[in-house]
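Here is a short report on salt bridges. Look at the sequence and structure first, then read on.

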Amino acid sequence: MSAFRPTIALFGLSICLIAMFAASPAEASGPRAKSMYVYELPDGSRIVTDYPLNNRHYRLVRTGVDTRGVGQLAASKNNQFFRTDPDAYDGLIRRIASEHEVDFALVKAVMHVESSFNPYARSPKGALGLMQVLPETARRHGVHDVYDPEQNIEAGVRHLKYLLGLFNHKHYLVLAAYNAGENAVRNHRGIPPYQETQSYVRRVLKMKREYARS
């Protein structure tokens with residue numbers, strides 16, 4: 001495993017690191033999604049992981065193999081009280097990305113830049129969840145609960161697969177379309193001259209290289 005670990009997301013509070021404990025080899029090798037755990041920390045914030053934490057000061061709020069409700073429960077509909085382990089969704093990402101033949105590193109990099117692994121993230125433009133999926137995009141791919149991590153990743157991966165086919169697997173165009181829309185990429189015959197989109201493409205490609213080494 002690479003020494004690289006992105007900073008844990010923490011909104012509205014000072015950024016700090018939390019202790020992380022590695023999953024067992026047996027857990028890591030499972031083909032299906034691992035159990036999800038939601039803990040409440042002493043300061044009232046919550047953290048979501050895909051393995052149990054051995055800390056007597058953390059109160060277990062929820063556990064289960066089902067991801068439904070994890071987004072709302074972890075964030076408590078209040079982003080300032082949310083933290084996450086950046087590896088918490090690796091099991092889901094690997095399974096869903098593999099099913100659709102999309103690169104794991106690409107999916108995780110998009111998630112990192114889009115939401116910082118916050119399953120209850122919401123953008124000013126209305127994009128939602130881990131992969132910041134627009135409601136119309138979610139509906140197009142048959143997803144109804146965008147705050148369910150599994151459904152959100154499914155919608156994001158399906159959309160990436162669609163864009164990969166549309167733009168001949170050119171990742172810089174795929175990412176530009178994910179951020180600015182496919183019509184903007186077509187109209188400008190490349191990455192649109194938007195500072196936000198150009199910065200977004202650079203950031204995701206950088207994170208993709210990091211995750212490809214992990």
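## Lys208 and Asp103

Lys208 and Asp103 form a salt bridge, with 3.6 Å between the closest N and O atoms. The pair connects distant parts of the chain, 105 residues apart. Lys208 sits in helix α9 (residues 195-212). Asp103 sits in the loop between α3 and α4 (104-115). This is a predicted model.

How accessible are the two partners? Lys208 has 17% relative accessibility. That is under 20%, so Lys208 counts as buried. Asp103 is partly exposed, at 35% relative accessible area.

A search of the whole structure finds 9 salt bridges.

## Arg95 and its partners

Arg95 forms a salt bridge with Glu99; their closest N and O atoms are 3.5 Å apart. Both residues belong to helix α3 (residues 90-99). They are 4 residues apart, about one turn of the helix. Arg95 is buried, with a relative accessibility of 9%. Glu99 is partly exposed, with a relative accessible area of 45%.

The side chain of Arg95 also meets that of Glu150 in a salt bridge, at 2.5 Å from N to O. Glu150 lies in helix α6 (residues 149-166) and Arg95 in helix α3, so this pair ties together parts 55 residues apart in sequence. Glu150 is partly exposed, at 26% relative accessible area.

Technical notes:
Residues are numbered from 1 along each chain as its sequence is written. This is a predicted model: local features need pLDDT of at least 70, side-chain atom pairs count only at pLDDT 80 or more; totals for chains, interfaces and linings use all residues. Side-chain values use heavy atoms; hydrogens and water are left out. A salt bridge is a side-chain nitrogen of Lys or Arg within 4 Å of a carboxyl oxygen of Asp or Glu. Helices (H or I, at least four residues) and strands (E, at least two) are DSSP runs, numbered from the N terminus. Buried means under 20% relative accessible area, exposed over 50%, partly exposed in between (1.4 Å probe, protein chains only).
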